[in-house]
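Please look over the charged side chains and the packing of helices in the structure shown here, and read the report that accompanies it.

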Amino acid sequence: MPELPEVETIRKALVPVLEGRRLDRVLARRPDLRRPIPSGFADRLRGRRIVSVKRRAKYLLWTLEDGCTVILHLGMSGRIRVFKGKAPPLETHDHVVFETDDGARICFNDSRRFGLMALADSDRLQDHPLLATLGPEPLGPDFDGDVLAARLKGRRSPIKAALLDQRVVAGIGNIYACEALFHAGISPRRLAATVVGKRADRLAAATRAVLTKAIAKGGASLRDHRQPNGELGYFQHHFAVYGRAGATCPDCDCDAARTGGIRHLVQSGRSTFFCPHRQR
DNA sequence: CTACCATCCTGGTTGC
DNA sequence: TGCAACCAGGATGGTA
């Protein structure tokens, strides 16, 4: 569920809550999520101060003052809620709970338990197995068509599948892959390795633009995503193609009733939406 | 090396 | 209304 814009929305909300604060209470209410919560997780965090809250791909990175970094992934259904002042009772699936020295409570809630928590040495963070193979950040200063084309070189899968591969570009999931391809005018079925030159420029620019706009809207709330204050994200109202099979695409003046409008197909087991008229 | 597939899990939606 | 089947935004490990 949460892709880069949703994770970034959560990160931004956590910065003022966590940075510079000490974790006074840490409670792991079950031993595992997608993988076991590291042994002694709560003990290793309790009493530590958080230096920074950053993001890499869809991972949140909480760096502690003692040289240790918490790596946190929301999986498909993970949510983070922040309560200041009096916190309501814990809810079902509130699997990990943190409390800061100024009385904020941070709940990690994940019904499907596809999320994860891990601990890493801050010194060697980039070498951690979860992070080592990630591709470039699409919102990073160096990301452009040339970088993208280089990552796609030799790839014989459809471009849609390649965009979902975190080793190609980091942080893109099913929704934003569909949206970025639409705005770039590229068919999701196109062979990845043929996205070069101007096409790669357009896709890099479209990816950057759609992610940036989604962050500005607080991400997209289809099912699970909430901002940490409980508010919904609003970018779902700005989808051009995702979940809109049969509708007229926003840039088409063609008649959806005649042309079939936005099409749905399944690629490597995942839903793809696109406009065959606009995307080649 | 790349590509494809099943799989982990719960809950919301759809269709009979 | 009740219930079962199906579907979901991710990542990965095994197999081809």
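## Salt bridges in a predicted model

The structure is a predicted model, and 17 salt bridges are found in it. Side chains of opposite charge can pair when their charged atoms come close. The pairs described below are some of the 17 salt bridges.

## A pair within one helix

Glutamate 8 and arginine 11 join their side chains in a salt bridge, with an N to O distance of 2.9 Å. Both belong to helix α1, which covers residues 4-18, and because they are three residues apart there, about one helical turn separates them.

Is this pair buried or exposed? Glutamate 8 has a relative accessible area of 11% and is therefore buried, and arginine 11, at 18%, is buried as well, since the cut-off for a buried residue is under 20%.

Arginine 21 and aspartate 101 form a salt bridge in which the closest N and O atoms lie 2.7 Å apart. This pair brings together distant parts of the chain, with arginine 21 in the loop between α1 and β1 (23-28) and aspartate 101 in the loop between β6 (94-100) and β7 (105-110), 80 residues apart. Arginine 21 is partly exposed, its relative accessible area being 26%, and aspartate 101 is likewise partly exposed, with a value of 26%.

A salt bridge of 2.9 Å, N to O, also connects the side chains of arginine 55 and glutamate 137. Here, too, distant parts of the chain are linked: arginine 55 sits in strand β2 (residues 50-56), while glutamate 137 sits in the loop between α3 (129-132) and α4 (145-152), 82 residues apart. Arginine 55 and glutamate 137 are both buried.

## A network of salt bridges

Which residues does the network of salt bridges link? The network consists of Glu8, Arg11, Arg55, Arg56 and Glu137, so that the pair from helix α1 and the pair of arginine 55 with glutamate 137 both take part in it.

## The contact of α4 with α7

Two packed helices are described by the angle between their axes and the distance between the axes. The axes of α4 and helix α7 (residues 197-216) come within 8 Å of each other and cross at roughly 110 degrees. The two helices α4 and α7 are therefore roughly perpendicular, because angles from 65 to 115 degrees are counted that way.

On the α4 side the contact is made by Gly145, Asp146, Leu148 and Ala149, and on the α7 side by Ala200, Asp201, Leu203 and Ala204. Sorted by class, the residues in the contact of α4 with α7 are five nonpolar, one polar and two charged.

Conventions. Residues are numbered from 1 along each chain as its sequence is written. Chains are lettered from A and ligands numbered from 1 in the order in which they are written. This is a predicted model: local features need pLDDT of at least 70, side-chain atom pairs count only at pLDDT 80 or more; totals for chains, interfaces and linings use all residues. Side-chain values use heavy atoms; hydrogens and water are left out. A salt bridge is a side-chain nitrogen of Lys or Arg within 4 Å of a carboxyl oxygen of Asp or Glu. Helices (H or I, at least four residues) and strands (E, at least two) are DSSP runs, numbered from the N terminus. Buried means under 20% relative accessible area, exposed over 50%, partly exposed in between (1.4 Å probe, protein chains only). Axes are lines fitted to C-alpha atoms, for helices over the stretch in contact, and angles run from 0 to 180 degrees between N-to-C directions. Angles under 35 degrees count as roughly parallel, over 145 as roughly antiparallel, 65 to 115 as roughly perpendicular and the rest as oblique. Contact means heavy atoms within 4.5 Å. Ala, Val, Leu, Ile, Met, Phe, Trp, Tyr, Cys and Pro count as nonpolar, Asp, Glu, Lys and Arg as charged, and the others, Gly among them, as polar.
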